[in-house]
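Work through these exercises with the coordinates open. Each task is followed by a stepwise solution.

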Amino acid sequence: MSATFLGMPGSFPKNSQKAVQNSQLRFNLRKATHTIRGKRAGVVGELPDWQELRAAGKAIKDHTLRNLDRYLIQLEEAVTRAGGTVHWARDAAEANRIVTDLVKATGETEVVKVKSMATQEIELNQALAAHGITAYETDLAELIVQLGDDFPSHILVPAIHRNRSEIREIFLDKMPHVPPGLTDDPPALAEAARLHLRERFLRSKVAISGANFMVAETGTLVVLESEGNGRMCLSLPETLISVVGIEKLLPSWRDLEVFLQLLPRSSTGERMNPYTSMWTGAVEGQDFHLVLLDNGRTDVLADEVGRQALRCIRCSACLNVCPVYERAGGHAYGSVYPGPIGAILTPQLRGMSSELDASLPFASSLCGACYDVCPVAIDIPEALVDLRAKAPHAAAEKAGMKVAGWILNDHERLAKAQRAATRARKLVPKRLPGPLSAWTDTRDLPEIPEESFRDWWERNERA
């Protein structure tokens, strides 16, 4: 299983503690997330049937996941009829081997990529590099991250942690043939990137993409983007390889209508995204390969509570309203899926055997803002609580919970414990000793009242 940022040690608390000390990072994150959040609220507020659309999106996704085996076979048959080739990948290693072999068969040593979180999840770029194949990102934000030897920190805006001055410095340092007088004016930066990428598009014979959606009925793949680079990447090369998670499936063409309304409004705060590219099989003589990626998704599907994470359409709305993400940033999560959705998806895809993965379900205040904005109604707080129960716990914590359960399970034992606590209230320290100190290191211990509600009620009832 992959999807871990290489060299990302420690747990979420350790990673985030370092991140919150970076005032520039916090400023960049706050400015960007609040801007996107405001735009989303405006365009969502225009639709009187937004909640109905949201419910429809949830229902379509749930139906698809319940019948995923049948729709995947239907998709394979449709893609094959249209001249494409479908490959099935159980895990990251198998997906990387399939893609590497396909590229090597063309004899090329360079590929261009349109933004794909699935290929980041399996660390495809590193796998290709190990075989002498260079992958060039063509999404502007992904390009910035790649040139800066950095990691993505946001689902929609991977370079959200960078401001335009930092981007200018990256371009001057790493991008060949950049005008020495380049300013940090956004149009100037975009023009520099355009000139740099145009050469790549014209000479590359192989492209690798992801997909926002796949339509089982027709075998159509759909990519939504804002720059047009994706369309260049999809149409110019002679060979197109799409790596897509199996959960990105929709049953019919008609279902796509719902998500083409939900996704742009939830992600970029637009009524409609600037570029929607669709292709079915091998078009215009292009050799097309579809790699269907599992990589832990079947295990997630088997979890009654956790499977709702597979409804995610990668809009990033939950990141933009999350108070934890706003302060800690995406790198603290140590995964290509940061923020609230990453806190429930990553531990399920990878398991919770590592310190980092076991800490991710606790990377939340459980305020519920993420659920309120999710366009497919994923109850992220519910999934977080469920994962917290499944996470590894220290022996002292397990013992404490066992004792608490024994007391709370009997009203007489609870009454005796409450009376004992009120008598000893002055002896309770502000900071708990031993293993319990971790709890009071980050929160105040509530004051124990002089009298329990149970005793107060009995006394007043008697009076």
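**Exercise 1.** What is the strand order of the open sheet of 6 strands, and is the pairing parallel or antiparallel?

*Solution.* The model is predicted: local features need pLDDT of at least 70, side-chain atom pairs count only at pLDDT 80 or more, and totals for chains, interfaces and linings use all residues. Residues are numbered from 1 along each chain as its sequence is written, and side-chain values use heavy atoms, without hydrogens and water.

Step 1. Read off the order: β1-β10-β7-β4-β2-β3, with parallel pairing. Strands are DSSP runs of E, at least two residues, and helices are runs of H or I, at least four, numbered from the N terminus. Two strands pair if DSSP finds at least two bridges between them.

Step 2. Find the edges. They are β1 (85–89) and β3 (134–137), each pairing on one side only.

**Exercise 2.** Over how many bridges do β7 and β10 pair?

*Solution.* Step 1. Strand β7 (residues 239–245) and strand β10 (residues 287–293) pair in the parallel sense over 7 bridges.

**Exercise 3.** At what angle do the axes of α20 and α21 cross?

*Solution.* Step 1. The axes of α20 (residues 395–408) and α21 (residues 411–423) cross at roughly 115° and come within 6 Å. Axes are lines fitted to C-alpha atoms, for helices over the stretch in contact; angles run from 0 to 180 degrees between N-to-C directions.

Step 1. Classify. So α20 is roughly perpendicular (65 to 115 degrees) to α21.

Step 2. List the contact (heavy atoms within 4.5 Å). Trp406, Ile407 and Leu408 of α20 meet Arg413, Leu414 and Ala417 of α21.

Definitions and conventions
Angles under 35 degrees count as roughly parallel, over 145 as roughly antiparallel, 65 to 115 as roughly perpendicular and the rest as oblique.
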